[in-house]
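Hi everyone, thanks for having me. I'd like to walk you through a structure I've been looking at, so let's get it up on the screen.

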Amino acid sequence: MSQRMYPGMSPDEKTTFAPYSAFDIPADLRELHGRYDVEATARRCRNFRYAEEWMMMILGGWVATIPEVPVKTGLGKIIWETAQAADELGRRLPELRCGRKAVEASEASNQAFADFIQALSDPEQPDLSIEKLAGIFDVLKPHLVEVYERTMRETDQISDAPTIEILDTIVRKTRRHIAWGQEVLDRLCDTDATRERRRKRIDLINAKLAECGGVTGTLESDRGSLH
Amino acid sequence: MKRFIHHSELARDSRFVRQDNAQSTVLAQMPDDVETVVNIFDQFTPMIEESVRGTAAQALFDEYGPGFALMVLNEPLDPDSPISKTRLLLRMHGIFVGELQALEGAARSLWDFPDAPWEFKMNMARQCWDEGRHVQIFEKLLTHLGGEVGMFPESTFLFECACSEDPAMRVAGVNRGLEGLACDVFRDMIRYAEKTGDETMRQAVDYVLADEITHVRFGSEWVKAFTEGDPDHFKRTQDFRREVDKQFSFGGARSDRPDAAIPIAWEDRVEAGFSEEELRDLAELSVGGPSKKTLIEAARILRERHQARKAEQSKETGQ
């Protein structure tokens with residue numbers, strides 16, 4: 001009797017192909033269920049998008065008021081990649097039942113985080129490059145990486161894989177931004193006085209971030225260590 | 001951080017020197033009359049002398065006097081000319097600072113217009129990266145040609161022209177007016193690089209030109225979007241773009257004249273979304289102002305007067 005290529009209607013009409021489950025090789029150790037449901041993930045995406053969008057706008061405002069040419073040009077690329085991050089997060093929202101028009105929905109987790117973002121944008125004068133960059137590259141971007149990575153770990157690994165993929169790309173690029181920013185800051189802070197300025201700014205912005213609960217407003221319950 | 005900054009607030013490191021933007025404005029408004037052009041430049045002599053002091057342009061001032069810009073702007077770049085290298089570096093430096101201001105302009109649009117549509121912000125963010133790369137490219141080309149950042153004074157006229165508080169006006173001025181001018185200048189630079197066999201310059205500027213066409217297209221699309229359903233607003237943006245085009249025609253140096261130093265890059269502009277009607281309009285408005293003959297005659301007189309003044313001064317010093 002020849003091998004059946006397709007199953008028939010009765011039990012003796014099965015094919016002879018050996019069963020092979022997607023769960024066998026390679027072993028899929030992921031488990032269903034994560035910390036966030038659809039609504040909570042959507043809220044997080046809106047919060048993340050708010051932070052990325054405002055960072056992009058703030059960096060845009062600073063380009064003209066920063067005197068160091070390589071910093072201006074370096075920020076050009078970071079602005080674009082930060083805008084892409086916001087865009088990708090926005091594109092996820094309609095997939096999370098937020099409506100087709102939700103792609104531009106940025107939302108601060110609370111008023112305190114919105115105020116924090118405005119405080120971050122305060123430095124304006126050309127002699128404040130250290131304060132400008134330290135707020136973003138020493139504090140906010142590292143905080144976002146920490147929260148994004150926690151989200152990637154805690155969300156449902158299979159059901160919410162599209163969010164994980166988006167965050168994975170953003171984290172990879174954000175780490176490059178942080179490395180660039182820290183290299184620039186190390187160069188700008190080449191005296192005790194300038195190093196002290198950087199430290200003070202980090203302390204101030206870190207304190208404000210903790211006060212508002214971070215990008216999701218839940219820093220206390222999520223708590224990892226801040227930079 | 002406040003919204004909308006003045007062009008004098010552009011931050012620069014210690015290599016840069018500023019040039020008074022009044023010169024550029026005057027150049028764009030001069031009549032076709034030798035005596036008037038000479039008188040205007042004579043009045044500006046102290047300001048021009050001050051702005052070039054200690055820069056590579058001082059040698060041009062010493063040789064040609066206050067009208068050196070007329071010589072530099074109105075003659076096509078000729079590799080065989082004795083001052084071709086200085087002129088090339090002057091143009092390259094002008095492009096470098098122009099790209100820097102274009103980066104600053106696109107970036108400020110993100111902060112100045114927080115409520116603009118998301119796609120507009122995405123386009124401006126992308127332009128930030130492109131302009132940032134252009135700054136890097138022209139800094140490298142400047143070095144490649146033996147120049148350096150800060151060797152000539154920087155006019156912030158580009159940023160001044162571009163910083164309207166109305167987003168439609170801003171994209172009309174920056175993305176259609178100034179980036180359109182960039183298309184003309186870069187096409188001319190590519191021709192020059194081909195003539196001199198400089199493949200490094202040719203290829204780099206060719207890539208930049210491709211980006212600029214995209215930026216003009218952003219402008220073409222956003223002017224339409226921002227002024228949709230408001231013909232008066234659309235007309236104002238067109239008038240503003242024409243004003244910017246007029247200012248940056250440098251008295252016909254960039255025009256459709258057969259002897260223009262920088263010809264209009266007609267095909268590139270069509271690809272970027274300019275209509276034939278707009279291009280005919282640009283060709284017409286850019287030839288206005290003093291003729292090339294007028295400017296060259298004015299430059300000759302200014303040079304003679306300058307040399308005479310120098311001779312007089314050295315005579316007095318000698319006595």
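Let's start where the two chains meet: 26 residues of chain B are in contact with 25 residues of chain A. By contact I mean that the C-beta atoms of two residues, placed from the backbone, lie within 7 Å. On chain B, α5 (84–112) and α6 (118–144) each give at least two residues to the side that touches chain A. The largest share of that side, 11 residues, comes from α6(B). Helices here are DSSP runs of H or I with at least four residues, strands are runs of E with at least two, and both are numbered from the N terminus. Sorted by class, this side of chain B has 15 nonpolar, two polar and nine charged residues. For the classes, Ala, Val, Leu, Ile, Met, Phe, Trp, Tyr, Cys and Pro count as nonpolar, Asp, Glu, Lys and Arg as charged, and the others, Gly among them, as polar.

Quick housekeeping. This is a predicted model, where local features need pLDDT of at least 70 and side-chain atom pairs count only at pLDDT 80 or more, while totals for chains, interfaces and linings use all residues. Residues are numbered from 1 along each chain as its sequence is written, and chains are lettered from A and ligands numbered from 1 in the order in which they are written.

Now the chains themselves. Chain B has 13 helices and four strands, whereas chain A has seven helices and zero strands. What radius of gyration does chain B have? It comes to 20 Å, which agrees with the value near 20 Å for a compact globule of 319 residues. For chain A, a compact globule of 227 residues would be near 17 Å, but chain A has 23 Å. That radius is taken over C-alpha atoms, and the globule rule is 2.2 Å times the number of residues to the power 0.38. Along the principal axes, the C-alpha atoms of chain A fill a box of roughly 85 × 35 × 30 Å, and those of chain B one of roughly 70 × 45 × 40 Å.

In chain B, 50% of the 319 residues count as buried; in chain A, buried residues make up 39% of the 227. Buried means 20 or more other C-beta atoms within 10 Å of the residue's own, with C-beta atoms placed from the backbone; 12 or fewer is exposed, and in between is partly exposed.

Next, helix packing in chain A. Helices α4 (residues 129–154) and α5 (residues 161–188) of chain A pack at about 155°, with axes 9 Å apart. So α4(A) is roughly antiparallel to α5(A). By contrast, α4(A) and α6(A) pack at about 45°, with axes 9 Å apart, and are therefore oblique to each other. Axes are lines fitted to C-alpha atoms, for helices over the stretch in contact, and angles run from 0 to 180 degrees between N-to-C directions. Under 35 degrees counts as roughly parallel, over 145 as roughly antiparallel, 65 to 115 as roughly perpendicular, and the rest as oblique.

Where is A:Thr216 found? In the loop between α6 (192–212) and α7 (219–222) of chain A. A:Thr216 is buried, because 20 other C-beta atoms lie within 10 Å. Leaving aside neighbours within four places in sequence, the contacts of A:Thr216 include A:Arg44 and A:Val147.
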